[in-house]
Amino acid sequence: MQYIKYERQENIAIIIIDRQEALNALNIQVLEELRETFAAIDTAVVRCVVISGAGGKAFVAGADIAEMSNMSQEEAVAYARKGHEVFCAIENFPLPVIAAVNGYALGGGCELSLACDLRLAAENAVFGQPEAGLGITPGFGGTQRLPRIIGVTKAKELLYTANRINAQEALVCGLVNAVYPQDELMEQAVKLAKKIATNAPIAVQAAKKAVNDGLAADMDAALAIETKLFAACFASLDQKNAMRAFVEKRPVDPFLNK
Ligand code: CO8
């Protein structure tokens, strides 16, 4: 891998996008390496993924503008589809994915964070969808995920104005879960990942699937999705052990992922 660094801290996977000469901008190779990295994660061992950008300045400063500048319409379709394929793989990845946004998250960088389950921001984080100022719309899911996450009103404001917002503004509009000093961001992201990893993996994965699949369905279908996933948990040893421990008034043993 040229642009992705992968590390595992016990059952937490850490993915760092490292293309600092272009503020970690997403070119085709970075997208492909991201796809390969997620596909190679051992989901039987890993329980949560943290993704961030290398260097102190950017999470991801967008799709690579130089690479896009002379694209034909046909190439734009292929590029958008590539981005959708990779970001959908992240959104639908069975394990929770936390974006640790440590600087610029613009355009495709903001869209990458939107494909993650949770977003933590450093105080220097800057979010925005600057595409309208570049003569395009977002093409990696931003027009769809941004309004679903922060609501239509604020999403349209950001999309039409191309304004950037800082970490505190992102917190206020519900784009991020929390803001930390930059030098604490990764530690806090790993801490959150470890907290998630203490819970029953089957239940956490079912909750992710229920939220994602349910949001794409009407309420009746969504509740049917929840019922199916909820019921499936009762086939797990972890459910039986955890509920027995509660009834017997003793601490829950570590979960087995079974
Ligand atoms: N693409 C390519 N190169 C970039 C990008 C980018 N998005 N962002 C920064 N770089 C490069 C710069 O060109 C520069 O390279 P060099 O040193 O060779 O000149 C280097 O990174 C450092 O950047 P700056 O000198 O500009 O650093 P500053 O601190 O002055 O500014 C900014 C930082 C504000 C982040 C500035 O770099 C900037 O505005 N970057 C572009 C941000 C942007 O507009 N992003 C959105 C791009 S569009 C997009 O993401 C669409 C996604 C959907 C595509 C779907 C296609 C079908």
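A residue counts as near a molecule if one of its heavy atoms lies within 4 Å of it. Of the 25 residues around the ligand, Lys57, Ala61, Ala63, Ile65 and Gly108 come nearest. The model is predicted, so that local features need pLDDT of at least 70 and side-chain atom pairs count only at pLDDT 80 or more, while totals for chains, interfaces and linings use all residues. Residues are numbered from 1 along each chain as its sequence is written, and side-chain values use heavy atoms, with hydrogens and water left out.

- A polar backbone atom of Ala63 lies 2.7 Å from an oxygen atom of the ligand, and one of Glu21 lies 3.5 Å from a ligand oxygen; a polar contact is a pair of N or O atoms within 3.5 Å.
- A nitrogen atom of the ligand is 2.9 Å from a backbone N or O atom of Ile65.
- On its own the ligand has 1,100 Å² of accessible area (Shrake-Rupley method, 1.4 Å probe), of which the protein covers 65%.

**Shell composition**
- By class, the shell around the ligand holds 15 nonpolar, four polar and six charged residues, with Gly counted as polar.
- Helix 3 gives the most to this shell, with three residues; helices are DSSP runs (H or I) of at least four residues, and strands (E) of at least two.

**Surface around Leu134**
- Leu134 is found in the loop between strand 8 (126-128) and helix 5 (142-150).
- Leu134 has a relative accessible area of 48% and is therefore partly exposed, a class between buried (under 20%) and exposed (over 50%).

Terms used: Polar contact = N/O pair within 3.5 Å; in protein donor to acceptor, adjacent residues only side chain to side chain. Buried < 20%, exposed > 50% of the residue type's maximum accessible area, 1.4 Å probe, protein only.
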